Amino acid sequence: MDTKFLEKDNSSMVISYITIRRILGLLALFLPFILAIGTIWFGNCSTIERSMSAYYYTVTGHVFIAILFTFALFLFTYKGNEVIDTVMSNIAAVCALGIAFFPTTYGIDRNSCIVLTTESKPIISNIHFISAALFFIILAYMSYFLFTKSAPHPTNQKKKRNTVYRICAWIMILSILLIPVYELFFKDNTFISNLNPVFLLETLALWAFGVSWLVKGETILRDKKK
């Protein structure tokens, strides 16, 4: 087979993977804004929901599901440098589908933003929470352990990227851990509850996920061309 054809094909694959990383990063960064602003604009409701998952029941619910399916699609098609990259991204994709297919339980009397109601089933909600937690844990693992793999003599830019990957991983883990802490110990605190801590912590985790993948997609801190 023509060597030039192989080189061109490999180059296209690299560009494809870089594009996937960038799309995932951008979607993660903009998802909170899309849901909140979309509900305000199209649902005529200025209330910020208590969590990302609660937007399933609002006018932007279909957008929430569509973006989760997009996460799953790109994570399924993503192939890293090693088998472990593919395995982890595939598991994360399954978790994204779990979040979409098994919505959180949500009371219909909270505010006027709710346009959809479903029967409350604790087992479905539990699957949702487990899927969401695993989703971020796996992405944090990828960011901390897989994205940081380097050649014997990494460039200065690569060292900077590795620092960003590790910081993003810690932000994801801490954000996810603080959610059950709030639910167990501070949920009845009116002042804290009014700040929508679950939504804010999920947003922080999503932004960390987004930054990590944008860096991996060579949007930020790319190596300088010689």
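Me: First up, Thr86: buried or exposed?

Reply: At 18% relative accessibility, Thr86 counts as buried, where buried means under 20% relative accessible area, exposed means over 50% and partly exposed lies in between, with a 1.4 Å probe and protein chains only. Please keep in mind that this is a predicted model, in which local features need pLDDT of at least 70 and side-chain atom pairs count only at pLDDT 80 or more, while totals for chains, interfaces and linings use all residues. Residues are numbered from 1 along each chain as its sequence is written, and side-chain values use heavy atoms, leaving out hydrogens and water.

Me: Where is Thr86, and what does Thr86 touch, leaving out residues up to four places away in sequence?

Reply: Thr86 is in helix 3, helices being DSSP runs (H or I, at least four residues) and strands likewise (E, at least two), numbered from the N terminus. Once residues up to four places away in sequence are set aside, Thr86 touches Tyr78, Lys79 and Gly80, a contact being heavy atoms within 4.5 Å.

Me: OK, zooming out. How many helices and strands does the chain have?

Reply: The chain has seven helices and zero strands, which reads along the sequence as α-α-α-α-α-α-α. Of its 226 residues, 42% count as buried, and residues 24 or more positions apart account for 74% of the contacts with a separation of 6 or more.

Me: Then the inside. How many residues does the largest nonpolar core have?

Reply: The largest nonpolar core has 50 residues, and those with the most contacts inside it are Phe71, Phe135, Met142, Met172, Phe209 and Trp213; such a core is a set of buried Ala, Val, Leu, Ile, Met, Phe, Trp, Tyr and Cys residues joined through side-chain atoms within 4.5 Å. Two or more residues come from each of helix 1, helix 2, helix 3, helix 4 (122-146), helix 5 (156-186) and helix 7, and the largest share, nine residues, comes from helix 7.

Me: What is Phe209 in contact with, apart from its neighbours within four places in sequence?

Reply: Phe209 is then in contact with Leu24, Ala28, Phe71, Phe135, Leu139 and Met172. Phe209 also belongs to a cluster linked by ring pairs, together with Phe71, Tyr78, Phe135, Phe136, Phe147, Tyr165 and Trp213.

Me: How many aromatic pairs are there in the whole structure?

Reply: A search of the whole structure finds 15, counting rings of Phe, Tyr and Trp (its six-membered ring) whose centres lie within 6.5 Å, with planes under 30 degrees apart called stacked, over 60 edge-to-face and the rest tilted. One of them is the tilted pair of Tyr55 and Phe199, at 6.0 Å centre to centre with 50° between the planes. Tyr55 lies in the loop between helix 1 (3-43) and helix 2 (61-77) and Phe199 in helix 7 (residues 197-216), so this pair ties together parts that are 144 residues apart in sequence. Tyr55 is buried at a relative accessible area of 0%, and Phe199 is buried too, at 8%.

Me: And what about Tyr78 and Trp213?

Reply: Tyr78 and Trp213 pair edge-to-face, 5.1 Å centre to centre and with 65° between the planes. Because Tyr78 lies in the loop between helix 2 and helix 3 (83-101) and Trp213 in helix 7, the pair ties together parts that are 135 residues apart in sequence. Tyr78 has a relative accessible area of 0%, and Trp213 is likewise buried at 0%.

Me: Switching to charges: how many salt bridges?

Reply: The count comes to four, a salt bridge being a side-chain nitrogen of Lys or Arg within 4 Å of a carboxyl oxygen of Asp or Glu. Among them, Glu183 bridges to Arg50 with the closest N and O atoms 2.7 Å apart. Since Glu183 lies in helix 5 and Arg50 in the loop between helix 1 and helix 2, that pair ties together parts that are 133 residues apart in sequence.
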